[in-house]
Amino acid sequence: MSLVAIVGAGETGAAAARALAARSRVDRVRLIDESGSVASGKALDLAQAGPVRGSDTPVESAADLASASGAAAIILADPAGPGVWSAEAELGLLRTLLRAGALEHAVVICAGSGHRALMQRGLTELRLSRRRLIGSAPEALAAATRSLVALEARAASRQVMLCVIGNPPEKMVVPWSDTSIAGNSAASVLTAAQLHRIERQMRGLWPPGPGTLGTAAAVIAEAVVRGSRTLFSAFVSLDRDNGTAAPVCAWPVAVGPTGIERITTPALSGRDRVVVDEVLG
């Protein structure tokens, strides 16, 4: 049975658990937080809401990180208590999961908008697998940007296909030449002024809110469990042309049970390439 473990019962973690429970595409959800009573209360609330929304996905709780063992995907979210984890505390969580053997087969999904730096340290200091370490926050931004495009085009957001690459919010681009609206090129539907307006507005969408961050992490966790041909905008570590590892950045990837299964390079304009070269170093 497929298990998704969520470390942190804060707003983002609770949103991820809610999305997973409501969508019923995984077998079990386990909400883990050192404040066991908070995790237990939120898990109970979600479980009791299941019959209302027509979902039977069990939502469990735990206080021990070792209970993440056996999960297909582990979402690193936010703590239930006041404040946030420090950078050292987050790295400590990854280290504890690694020592407990929970990362041997699991794909780790870092849900926070500030988790790019954590991923970089996880790769360099803990030697985590690049294939099994994914940051989902760029997908939250891509989803919000799809809504902006849909408004400008007077279309449904589900008809918009786009990705975000780079390092939000400053060094990022949407490759418009690779973006489509109801099967049509975005450039053929929207004017240059509209595209520029969308780019200006999307910078104000970073960081996304906890509900969007949690839902994006949940959708990518589902892709890990079930496999998917969908391309997600995610923080990943790429290979440079010389074979060395580039810094973590947002890029379109396909995700499955083994983690990153395909990395796709979109069609880039000259302006896009300048940004990409700066990001990849």
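Modeller: A definition comes first: Ala, Val, Leu, Ile, Met, Phe, Trp, Tyr, Cys and Pro count as nonpolar, Asp, Glu, Lys and Arg as charged, and the others, Gly among them, as polar. Please bear in mind that this is a predicted model.

Colleague: By class, how many residues in the lining of the largest cavity are charged?

Modeller: The largest cavity holds about 50 Å³ of space. Its lining consists of Met172, Val173, Val174, Glu199, Met202, Arg203 and Arg271. Sorted by class, this lining has 4 nonpolar residues and no polar ones, and the charged residues number 3.

Colleague: Which element gives the most to the lining of the largest cavity?

Modeller: Strand E9 (171-173) and H7 each supply at least two residues of that lining. The greatest contribution, 3 residues, is made by H7.

Colleague: Turning to the pockets, which element gives the most to the lining of the largest pocket?

Modeller: The largest pocket has a volume of about 420 Å³. Its lining is made of 20 residues, with Arg146, Val160, Met161, Leu162 and Leu231 nearest its centre. Two or more residues of the lining come from each of H5, strand E7 (160-161) and strand E12 (231-236). With 4 residues, the element that gives the most is H5.

Colleague: How many residues of the lining of the second largest pocket are charged?

Modeller: The second largest pocket has a volume of about 350 Å³. Of the 19 residues lining this pocket, Thr12, Ala77, Asp78, Val84 and Gly112 are the closest to its centre. Helix H1 (11-23) and H8 are the elements that give two or more residues to this lining. By class, there are 8 nonpolar and 8 polar residues, and the charged ones number 3.

Colleague: How many of the 17 residues of H5 are buried?

Modeller: Helix H5 covers residues 137-153 and reaches 25 Å from its first C-alpha to its last, close to the 24 Å expected at 1.5 Å a residue. A residue is buried when its relative accessible area is under 20%. H5 is largely enclosed by the rest of the structure, because the number of its 17 residues that are buried is 13.

Colleague: Which element gives the largest share of the largest nonpolar core?

Modeller: The largest nonpolar core has 52 residues, and Val7, Ile74, Leu97 and Val149 have the most contacts inside it. Among the elements that give two or more residues to this core are strand E1 (3-7), strand E4 (73-76), helix H3 (87-99), H5 and helix H8 (210-226). The largest share of this core, 8 residues, is that of H5.

Colleague: Is Glu222 buried or exposed?

Modeller: Glu222 belongs to helix H8. Leaving out residues up to four places away in sequence, Glu222 touches Ala19, Leu20, Arg23, Arg25, Val26 and Gly227. The relative accessibility of Glu222 is 4%, so this residue counts as buried.

Colleague: What distance separates the C-alpha atoms of Leu46 and Pro58?

Modeller: Leu46 lies in helix H2 (residues 36-53), and its relative accessibility of 7% means that Leu46 counts as buried. Beyond its neighbours within four places in sequence, Leu46 is in contact with Ala14, Ala17, Arg18, Arg53 and Val59. Leu46 and Pro58 are 12 residues apart along the chain, and their C-alpha atoms are separated by 8.8 Å.

Colleague: What is the omega of the cis peptide bond that joins Trp206 and Pro207?

Modeller: Most residues other than glycine have a negative phi, and most peptide bonds are trans. Pro207 is in the loop between H7 and H8. For the cis bond that joins Trp206 and Pro207, omega is about 5 degrees.

Colleague: Is Arg154 buried or exposed?

Modeller: Arg154 follows H5 and is in the loop between H5 and E7. The phi of Arg154 is near 55 degrees, a positive value in a residue other than glycine. Exposed residues have over 50% relative accessible area. At 81% relative accessibility, Arg154 therefore counts as exposed.

How values were computed. Residues are numbered from 1 along each chain as its sequence is written. This is a predicted model: local features need pLDDT of at least 70, side-chain atom pairs count only at pLDDT 80 or more; totals for chains, interfaces and linings use all residues. Side-chain values use heavy atoms; hydrogens and water are left out. The expected span of a helix is 1.5 Å times one less than its number of residues. Buried means under 20% relative accessible area, exposed over 50%, partly exposed in between (1.4 Å probe, protein chains only). A nonpolar core is a set of buried Ala, Val, Leu, Ile, Met, Phe, Trp, Tyr and Cys residues joined through side-chain atoms within 4.5 Å. On a 1 Å grid over the protein atoms alone, a cavity is a set of points where a 1.4 Å probe fits but cannot get out, and a pocket is an open set with protein on both sides within 12 Å along at least five of seven lines; lining residues have an atom within 4 Å of a point. Grid points are joined across faces, edges and corners, and a volume is the space filled by probe spheres set on the points. Contact means heavy atoms within 4.5 Å.
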